[in-house]
Amino acid sequence: MKNQIDKVIATSLVFLMGLMVVNVTWQVLSRYIFQSPSSFTDELSRYMLIWLGMLGSAYVAGQNQHLAIDIVLRKLEGLAKIRLQIMINVLVIIFAVIAMVLGGSNLVYITYMLGQKSATLQIPLSYVYGIIPFSGLLVIYYQLSFTFLLIKNPKVA
């Protein structure tokens, strides 16, 4: 299951990045070559960057390659290392639940209820911000699966 999710997210990230390159290239061409700046490209690239950053962070968490200060973790061995890794995973899960899922859902709900739309594209901002709780759920899934893998097979640590 994890491999399929990884593949879908990786493909989505590649697609988003490619689309963003095309969008920014068009922005530069329309501004400097055609002397007629496109009105939607700046906003679209900003929203794609939000999606790219949030999905990318979830993907990196799933690969267990997220930014970490692991000085203590590298010095530990055996059961102490496993316990610390599980504690770190639990802290990441707590952050993802509070900040990303609950906070992100609240942001989506507020922007939906207020009917806020983007200035140029006129898309509901709740669609843009919907990636935050979704990425939080992915981070939680990945951290739980890694924690269960650690418990089941301590040699992974």
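**Loops, salt bridges, a surface patch and a pocket**

Asn64 counts as partly exposed, at 31% relative accessibility (partly exposed lies between buried, under 20% relative accessible area, and exposed, over 50%, with a 1.4 Å probe and protein chains only). The model is a predicted one, in which local features need pLDDT of at least 70 and side-chain atom pairs count only at pLDDT 80 or more, while totals for chains, interfaces and linings use all residues. Residues are numbered from 1 along each chain as its sequence is written, and side-chain values use heavy atoms, leaving out hydrogens and water.

Asn64 sits in the loop between H2 and helix H3 (71-75) (helices are DSSP runs of H or I with at least four residues, numbered from the N terminus). The phi angle of Asn64 is near 55°, a positive value in a residue other than glycine. Gln122 also has a positive phi, near 60°, and is not a glycine either. Gln122 belongs to the loop between H4 and helix H5 (125-129) and is partly exposed, with 46% relative accessibility.

Searching the whole structure turns up two salt bridges (a side-chain nitrogen of Lys or Arg within 4 Å of a carboxyl oxygen of Asp or Glu). One of them joins Asp6 to Lys2, at 2.8 Å from N to O. These two are four residues apart in helix H1, so about one helical turn separates Asp6 from Lys2. Asp6 is buried, at 8% relative accessible area, whereas Lys2 is partly exposed, at 28%. In the other bridge, the closest N and O atoms of Arg46 and Asp42 are 2.8 Å apart. Both residues lie in helix H2, again four residues and about one turn from each other. Arg46 is partly exposed at 43% relative accessibility, and Asp42 is partly exposed at 38%.

On the surface, a nonpolar patch is made up of Val24, Trp26, Val28, Leu29, Tyr32, Ile33, Phe34 and Phe40, which together have about 780 Å² of accessible area (Shrake-Rupley, 1.4 Å probe, only the protein chains shown counting as cover). Such a patch joins nonpolar side chains within 5 Å, from residues with over 30% relative accessible area and no salt bridge. Tyr32, one of the patch residues, is placed in helix H1 (residues 2-33) and is exposed, with a relative accessible area of 60%.

Then there is the second largest pocket, lined by Ser57, Ala61, His66, Leu67, Val92, Phe95, Met100 and Val139. Helix H2 (41-62) and helix H4 (78-114) are the elements that give two or more residues to this lining, and H4 has the largest share, three residues. A pocket here is an open set of points on a 1 Å grid over the protein atoms alone where a 1.4 Å probe fits, with protein on both sides within 12 Å along at least five of seven lines, and lining residues have an atom within 4 Å of a point.

Definitions and conventions. Patch = residues over 30% accessible without salt bridge, like charges linked within 9 Å, V, L, I, M, F, W, Y side chains within 5 Å.
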